[in-house]
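Here are my notes for anyone opening this one for the first time. Have the model up on your screen as you go through the points.

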Amino acid sequence: MRSFAGRDILSLKDFERNEFFRVFEIAEMLEPIARNRQNTDLLKEKTLVTAFYQPSTRTRLAHEAAMIRLGGQVTGFSDAKMTRAGDFYQESIKDTVKMLEFYGDVIVMRHFQQGAPHEAAKWASVPIINGGDGWGEHPTQILTDLYTVLREKGRIDGLKWVAVGDMRMRTMHSLGYALTQFDCPITFVAPPGMEMPESYQQDYRDYGLDFKFAEHVEQVIGDADVILVEPTVQPDYTKSRDERKGELPTTPDNYKITRDLLVNKAKSDAILLHSLPRMDEIPPDVDITRWSRYWQEAFNGVVMRMALLALVLGAVE
Ligand code: CP
């Protein structure tokens, strides 16, 4: 297995099966620290730099919380408008990371341009973690989701997935890549105009993913062990910020998970994931059903980032 020390985490396309399991093993080892709300000194000599060019609640704060749990320091920005990248100068990714690499030992970057973290990784002497790039990928979120499945179901292989929502979404692309490494058939359910882009479909075919499409979640939910949902009412992920304006559409029934649908159609032991934030695709009365696992995902999001930081900073091999 390749070492994680010093490695960039940019995409799940290049993640091997045994590397997933190594990350999950480290996450499980570190999980008691977060569960017991303790801090340790595993990364006490290290600093995380957060470079967020797009809004985030979970990804940035989970990385920061993970670093603090492991005894490290945190610096960075959550609004590029307050940096030279977001003002008159429009400072380039190259020039920005050639500064940031001296302010810390690992950089987590979210950007509205697909490929921006990859560009940063070309120039930085420290590892770059992709915290979501435009419509590209969101590898740490899907590592979190797979870890949640492992913890909740005790296995990943042999489970059937249904993914519902906008397939242009970066999480969906990382999910497809991740599932190529497991025995997990998946059905994608997306509105017209939000289908999985052909370039990702071609990659999935090349890597042997067993995938198909359905029009209505009702047609396929009964077969699913894992139901992963993203909104269809979305901001434009290619913008640094997309303010809500005017009346918003509601989510059509085809892409909505209601309590009634779960009770009447879903497997009794299926689990429901959503990386959040949500719109109306999962109404709040679903939260208190036995299918929902998104709060567990939130906890696991910290644990997963602890594992990734410990691995890329070489604190564990
Ligand atoms: N799931 C996710 O990426 O959430 P944030 O946009 O809040 O980071």
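By class, how many nonpolar, polar and charged residues does the lining of the second largest pocket have? I get to that in point 4; first, some ground rules. This is a predicted model, in which local features need pLDDT of at least 70 and side-chain atom pairs count only at pLDDT 80 or more, while totals for chains, interfaces and linings use all residues. Residues are numbered from 1 along each chain as its sequence is written, and side-chain values use heavy atoms, with hydrogens and water left out.

1. Start with the domains. The chain is assigned domain 1 (17-138 + 299-312) and domain 2 (140-297), with bounds that come from an automatic or database domain assignment. Their C-alpha centres are 24 Å apart. The contact (heavy atoms within 4.5 Å) involves 33 residues of domain 1 and 38 residues of domain 2.

2. Now look at what lies between them. Domain 1 and domain 2 bury about 3000 Å², 54% of it on carbon and sulfur atoms; buried area here is the accessible area (1.4 Å probe) that two parts lose on being put together, summed over both. Three salt bridges cross this interface, where a salt bridge is a side-chain nitrogen of Lys or Arg within 4 Å of a carboxyl oxygen of Asp or Glu.

3. Next, the largest pocket. Its volume is about 780 Å³, and its lining has 32 residues, with Gln234, Pro235, Tyr237, Asp242 and Pro277 nearest the centre. (A pocket is an open set of points on a 1 Å grid over the protein atoms alone, where a 1.4 Å probe fits, with protein on both sides within 12 Å along at least five of seven lines; lining residues have an atom within 4 Å of a point.

4. Tyr53, Ala80, Gly86, Phe112 and Ser240 are the closest to its centre among 19 lining residues. Back to the opening question: this lining has seven nonpolar, eight polar and four charged residues.

5. The peptide bond from Leu276 to Pro277 is cis, with omega near 10°. Pro277 sits in the loop between strand E9 (271-274) and helix H10 (294-312); helices (H or I, at least four residues) and strands (E, at least two) are DSSP runs, numbered from the N terminus.

6. Finally, the charge pairs. The whole structure has 22 salt bridges. One of them joins Asp203 and Lys13, whose closest N and O atoms are 3.2 Å apart. Asp203 is in helix H7 (residues 198-206) and Lys13 in the segment before helix H1 (17-35), 190 residues apart. Arg17 pairs with Asp157 at 2.6 Å between the closest N and O atoms.

Methods:
Grid points are joined across faces, edges and corners, and a volume is the space filled by probe spheres set on the points. Ala, Val, Leu, Ile, Met, Phe, Trp, Tyr, Cys and Pro count as nonpolar, Asp, Glu, Lys and Arg as charged, and the others, Gly among them, as polar.
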